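Biologist: I have just opened this entry and would like to learn how to read it. Could you walk me through a few features?

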Amino acid sequence: MVAESTVVEVLDPRQLARIEAVHRGFLYQHLYAVACLLLAGESGVARVTVERDEDVELELRDGTHCYLQVKDRTAALTFSIVEGALQRFDAIREEHRLGKRKGAAVFAIVSSSAPGPDLESRISNGTLAPDVTFVWPDAKGTRPPSMPPAWTDISAAAAWCVERAERLPMLTVSPQTLVWKLAGLLQAASAGEVAAHAFEVSTLSTLFEQLVLQLQQFPEPPAVYRPIADEPELISDVRVRIVTGFSGAGKTAWAAQAATHSPNETAYYDVGDVPARSIAAQLTRELAARWAASSAEGLRRVLLPAPSGLDGLRALDAFLEDTGAQALVVLDNAHRVPVADLRMLIDATRHLRIVLLAHPTASIGELEAQTGLKQELLQGWGLDQAAAEVHEQGARASAKNLARLLRVTGGLPLYVRTAVQLSVSQYDGDVSALCDALEASTNLVATQQEIILTGIFDAQEEAARDCVAVLSISDVPLNQPEALRLIRGTVAITPAKFAAIVRRLAPLGIVRIFSGQRLQIHDALRVLGRRRFDEMSEEQIEAALGALRDLLADSLEVERNTARFPLFVRTLVELRDLDALTDLATEEWFHELNAGEDVWHVLQRAADNVEVAPQIRFDALDALAYASARSNDDDSTRRHLADMKRLLSEHDLGRRSSLVYLNKQAAQAAEDGDLAETLQAIDQLRQLTPARPDYQRILEYSIALLLFKLERHHEMVEIIEPLVQQYCELLQFGRLPLLRTDAPRFEARVTATETSSYDIRHLADSLDLLARGWEKTGRDPGRARAFAIFFYKRVNALSSFVKVGQDLVDEHIGRRDHDSARALIEQELLPTVIEHDMHDYLVSVRSQYAVVLAFCLDFGGAFAEFEQLENYAPGLSEDQRKEIRQQRRQVERMQRQAAEHGLI
């Protein structure tokens with residue numbers, strides 16, 4: 001029950017009237033200042049000041065100052081009431097004239113009542129200063145646009161202000177609430193609670209609680225954006241996604257670039273520095289500005305019922321669903337937000353699509369576990385993007401060294417970019433020298449990568465850092481038993497402890513988990529891990545490398561995974577295992593695989609070291625001579641042969657070594673066109689070669705190859721044709737099927753066992769030589785090359801597969817079978833080169849591909865390839881650059897001819 005209120009009469013009604021008049025006058029003045037604020041944005045006002053020299057001062061954007069005296073009168077306005085104000089106007093005017101105050105000055109007296117007869121006479125006859133304006137209700141004449149009208153009373157003033165507030169776009173409070181809020185703020189300013197008693201027009205949107213624009217926009221993507229490898233689409237069927245990468249992985253640049261080309265409505269919000277409990281409210285306002293601000297009704301539907309918190313986000317989500325908007329927001333730095341708050345944001349929405357950009361942290365791993373979402377890890381740049389960056393910065397690198405750069409940086413854009421900058425400033429633009437320094441930890445200037453990732457690495461417990469260090473010596477994924485075998489061969493750790501460490505490191509992105517329970521240290525962290533490994537004791541280092549060698553040897557024997565072979569060779573190099581290296585390097589198939597450069601340096605040092613056993617030195621020279629002959633380095637080949645001959649003369653190295661030397665000496669003599677010396681070497685080879693069929697087949701091939709080099713093609717064909725038939729019968733292929741069978745249909749008859757692999761490889765060599773011989777003697781090579789590359793691929797003779805495959809592409813072009821040429825290079829050669837990191841062939845195959853595209857009338861694709869290859873130019877030899885220039889000119893001629901014949 002509500003008690004009835006009792007009205008008590010005041011002691012002095014006249015005193016009450018005086019108090020009401022005073023407060024009414026102040027409120028009238030404050031509402032007039034509110035009206036000035038509401039007009040300011042459209043009238044050129046830059047600042048509104050209250051209760052300084054005058055009741056209200058307006059500073060216009062052109063520098064003019066307008067001083068206002070505001071009067072609320074129940075009786076007519078008289079001269080005596082305004083006389084004091086006019087005298088102050090004179091003093092202010094003089095200060096402006098003397099330059100003590102900047103800009104021009106104008107003045108006004110605003111009154112709720114009209115002037116009395118005397119004052120009206122003074123106004124009309126010009127007695128008063130001409131720069132003073134009088135404003136009252138129903139006054140005649142024009143008032144300045146920066147000044148509101150005068151009103152007869154408080155009610156009229158409030159009504160006018162509310163009506164003006166209703167016109168404001170994107171207002172998040174009711175107009176009446178805004179007006180009385182502003183009146184209170186102006187009263188506080190008049191009392192000195194606001195600095196300088198002033199309000200800047202630039203801050204009015206906040207003051208009005210008015211959402212004028214979306215405050216956060218996507219950061220500008222780089223002027224030249226380079227796409228990352230396997231770049232994900234921004235828009236997908238998954239409503240909430242987590243896209244992760246270390247700092248420098250290009251997450252924000254990816255999102256900004258993708259949003260630029262996205263047909264969907266996309267917003268951006270960086271939650272990194274926003275207090276967790278404020279995110280929902282701020283995000284709601286931000287997104288409302290983006291999607292609900294087109295109508296006042298929609299905006300107020302979202303913001304007025306729930307101006308803060310998750311309810312506002314739910315209201316926005318419902319609004320988006322009702323309007324059918326395909327809305328997506330990218331939340332940057334999501335790893336800085338507690339998991340519980342991220343969950344609330346996700347759970348509060350059903351329609352809004354969300355992409356979380358984050359570092360791979362423990363909290364993001366927890367979010368994965370709680371929501372069932374899966375991180376999408378950005379992969380970094382590929383070879384073309386690295387080449388473009390190196391080229392742009394004026395550095396230089398071969399394709400092989402570009403791959404090294406990607407390996408040591410993880411390909412992350414910031415790390416690649418700053419590493420190249422370091423190569424320019426510290427290594428004269430030589431990317432190879434920079435990679436040498438980073439791999440050996442001898443760089444004197446830290447890279448951005450080291451600075452950023454050191455904190456992540458050092459934050460891990462010591463046992464975890466040791467595990468990362470040991471696993472960093474492998475740049476290929478290891479299965480769990482292999483990884484544990486490697487770790488336990490180096491540091492004392494239990495399987496359970498190791499598994500726990502991997503579980504902690506995987507969500508951080510330090511350890512990458514692949515299918516089949518295979519794991520690998522992230523490339524970007526391997527530099528730091530390897531640095532810690534190098535600081536371990538000699539015994540630990542030796543044990544780790546030995547364990548890695550043994551497990552790789554076991555897996556190569558069982559699985560024949562050629563992707564692991566380069567690591568196996570590098571491990572032998574680090575162990576200085578000369579016996580194993582020379583055994584491998586003297587095998588033909590060794591040179592077919594991407595073994596790395598270090599092996600040749602080790603073999604050269606072994607060959608030059610007189611303390612090394614003569615046989616090992618000879619075998620090292622054998623491998624070096626073979627490698628230099630394959631790269632057409634005649635000077636090096638002759639030097640190695642001379643050293644081999646000297647060792648043979650000084651030591652009894654047996655018949656095998658003599659045969660090896662004679663074969664290479666004969667090949668060099670044939671290369672030099674020395675017929676007599678070549679024929680003499682052939683005679684000696686016939687005498688020394690054992691009568692065993694396998695030796696004799698190899699001898700016949702060697703003689704045929706020598707005759708080909710000497711351009712005795714008919715004699716060569718007479719030897720190679722029966723040799724091919726011998727291999728076909730040996731391998732139980734039956735009669736030579738080259739002219740009537742396609743290679744793919746023949747596949748079921750090929751079983752590349754350990755014993756047959758050598759014979760299959762030699763059959764492929766013989767088929768390649770046969771095709772060349774038939775061409776030289778005017779015969780169609782038929783399917784000889786097709787079968788050659790078919791057999792090369794079956795025994796992983798990858799270099800020969802690519803080299804002869806390129807010859808087959810040229811053969812198809814010669815037959816005008818352009819589609820077959822394109823299919824071969826797109827489906828076989830390029831994938832092989834890329835998958836097996838055959839960087840020595842990459843530029844050659846791609847430049848040939850450009851020409852093939854031109855033959856297929858795809859000139860756009862051809863020139864696009866040349867544009868990409870231009871970035872590789874600084875790392876190419878002059879001969880390579882010349883060849884590419886010639887090929888480009890050829891394509892330009894083909895394009896002109898095609899245009900002349902109306903083909904394009």
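Biologist: Let's begin with charges. How many salt bridges does the count come to?

Modeller: The model is a predicted one, and in it the count comes to 60 salt bridges. The general idea is that side chains of opposite charge can pair when their charged atoms come close. Take R93 and D131, whose side chains meet in a salt bridge at 2.7 Å, N to O. R93 belongs to helix α2 and D131 to the loop between α3 and β5, so this pair ties together parts that are 38 residues apart in sequence.

Biologist: Is R93 buried or partly exposed?

Modeller: R93 counts as partly exposed, at 23% relative accessibility.

Biologist: Which residue does E392 meet in a salt bridge?

Modeller: Its partner is R226, at 2.6 Å from N to O. Since E392 lies in helix α13 and R226 in the loop between α6 and β7, the pair ties together parts 166 residues apart in sequence.

Biologist: Now the rings. How many aromatic pairs are there?

Modeller: The count is 9 aromatic pairs. One of them is Y67 with F107, a stacked pair with 5.5 Å centre to centre and 20° between the planes. This pair links strand β3, which holds Y67, to strand β4, which holds F107, 40 residues apart. Y67 is buried, with a relative accessible area of 1%, and F107 also counts as buried at 1%.

Biologist: How are the rings of F787 and F791 arranged?

Modeller: They form a tilted pair, 6.0 Å centre to centre with 40° between the planes. Both lie in helix α33, 4 residues apart, about one turn of the helix. Here is the general idea: an α-helix has 3.6 residues a turn, so residues three or four places apart point the same way.

Biologist: Which residue has its charged end over the ring of F79?

Modeller: That is R122, 3.8 Å from the ring centre. R772 likewise lies over the face of F708, at 4.9 Å.

Definitions and conventions. Residues are numbered from 1 along each chain as its sequence is written. This is a predicted model: local features need pLDDT of at least 70, side-chain atom pairs count only at pLDDT 80 or more; totals for chains, interfaces and linings use all residues. Side-chain values use heavy atoms; hydrogens and water are left out. A salt bridge is a side-chain nitrogen of Lys or Arg within 4 Å of a carboxyl oxygen of Asp or Glu. Helices (H or I, at least four residues) and strands (E, at least two) are DSSP runs, numbered from the N terminus. Buried means under 20% relative accessible area, exposed over 50%, partly exposed in between (1.4 Å probe, protein chains only). Rings of Phe, Tyr and Trp (its six-membered ring) pair if their centres lie within 6.5 Å; planes under 30 degrees apart count as stacked, over 60 as edge-to-face and the rest as tilted. A charge sits over a ring if NZ of Lys or CZ of Arg is within 6 Å of the ring centre and within 35 degrees of the ring normal.
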